[in-house]
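This briefing goes through one protein chain by topic.

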Amino acid sequence: GEISGKLTLGMSSTLIDYGLGRLVRECQLGLPQLYISPRALASADVANAVALGTVDLGIVLTPEPGQPEPYMWDSALNLSSQVLLPVEFVSVGRAQTDPANVAMPRWDQDSEHGEHVVVIDPTCPSQRVLPEVLRRRDNHPPKLVETGSVESALDAVRFGLGAAMVPASTLERHDFADDLVAAHRDDPVLQV
């Protein structure tokens, strides 16, 4: 028969902002009797929420193969997992003008941006990369500013509260108006 009912998805706000709208729309078209209800959770809490039945399905970001696994799921939870798709993240900061080249925005060389990192979900592996890179660069950990969503993280960066790691696809949907700049993969700030 036709799939119907309510499916509660537990996921970090980083992922909710990443592509939930597209997922809900595709489900509405293909499974019109299925109602999807997203619930924002800290990434570290998703497995327990699934095991307790407070959500039906959990979606979390995991690091690339070979990197340490951030979630220690108790085998007694009896959960199974599957890799769905890769999500590319980029670091962004408020554009700074290089005095030698007025047209070139910079942020990765500015020591001011090493002091604060805007994080969406501190338990998500995507949000641990930039603080670690800046800790290695500056020999001390940056201060973290937690925001709870990608949009609020981008706003915080625009207002000069620090730099952030966000899904690359998020940047494609924004008009930066020269106030934000994303680091390139070969920039020193991204080399771990």
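Helices here are DSSP runs of H or I with at least four residues, strands are runs of E with at least two, and both are numbered from the N terminus. On that basis the secondary structure of the protein chain comes to 5 helices and 10 strands. The model is a predicted one. Of the 192 residues in the protein chain, 36% are buried. Among contacts with a separation of 6 or more, 72% are between residues 24 or more positions apart.

**Parallel sheet**

- An open sheet is formed by 3 strands, in the order β2-β1-β3, with parallel pairing. Because β2 (34-40) and β3 (57-59) stand at the edges and have a single partner strand each, one side of each is left without a neighbour in the sheet. From one strand to the next, the twist averages 30°.
- Strand β1 (residues 5-11) runs parallel to β2 and is joined to β2 by 7 bridges. Two of the pairings can be named: T8 has S37 in β2 as its bridge partner, and K6 has Y35 in β2. Between these strands the chain passes through α1, and the β-α-β crossover from β1 to β2 is right-handed.
- On the β3 side, β1 pairs in the parallel sense over 3 bridges. Here L9 stands opposite L57 in β3.
- Strands of a sheet pair through backbone hydrogen bonds, in either a parallel or an antiparallel sense.
- Helix α1 (residues 13-30) lies across β1, β2 and β3. The direction of helix α1 is at about 160° to β1.

**Mixed sheet**

- A sheet of 5 strands is also open, with the order β8-β7-β9-β4-β10 and mixed pairing. The edge strands, β8 and β10 (180-182), pair on one side only. Neighbouring strands of this sheet are turned by 30° against each other on average, direction ignored.
- Strands β4 and β10 pair in the antiparallel sense, over 3 bridges. Within that pair, G93 stands opposite V181 in β10. Helix α4 packs on the sheet and touches β4, β7, β9 and β10. The direction of α4 makes about 145° with that of β9.

**Helix α3 and its buried side**

- Which residues of helix α3 (residues 129-138) are buried? They are L130, P131, V133 and L134. These residues are on the same side of α3, because they cover an arc of only 165° around the axis.
- The buried residues of α3 pack against β4 (89-94), β7 (116-119), β8 and β9 (163-167).
- L134 lies in helix α3. The relative accessible area of L134 is 1%, so L134 counts as buried, the cut-off being under 20%.
- L134 and V117 are 17 residues apart in sequence, while their C-alpha to C-alpha distance in space is 8.9 Å.

- Is N139 buried or exposed? With a relative accessible area of 69%, N139 is exposed, since that class begins over 50%.
- The phi of N139 is near 65°, a positive value in a residue other than glycine. For context, most residues other than glycine have a negative phi.

- Where does S149 lie? S149 is in the loop between β8 (143-146) and α4 (150-158).
- The side chains of S149 and S152 are joined by a polar contact of 2.9 Å.
- Leaving out residues up to four places away in sequence, S149 touches S13, D17 and I120.

Key: Residues numbered from 1 in each chain as written. Predicted model: local features only at pLDDT ≥ 70, side-chain atom pairs only at ≥ 80, totals over all residues. Heavy atoms only, no water. Pairing = 2+ DSSP bridges. Axes fitted to C-alpha atoms, helices over the stretch in contact; angles between N-to-C directions. Contact = heavy atoms within 4.5 Å. Polar contact = N/O pair within 3.5 Å; in protein donor to acceptor, adjacent residues only side chain to side chain. Right-handed = clockwise from strand over helix to strand, strands pointing away. Buried < 20%, exposed > 50% of the residue type's maximum accessible area, 1.4 Å probe, protein only. Arc of directions from axis to C-beta.
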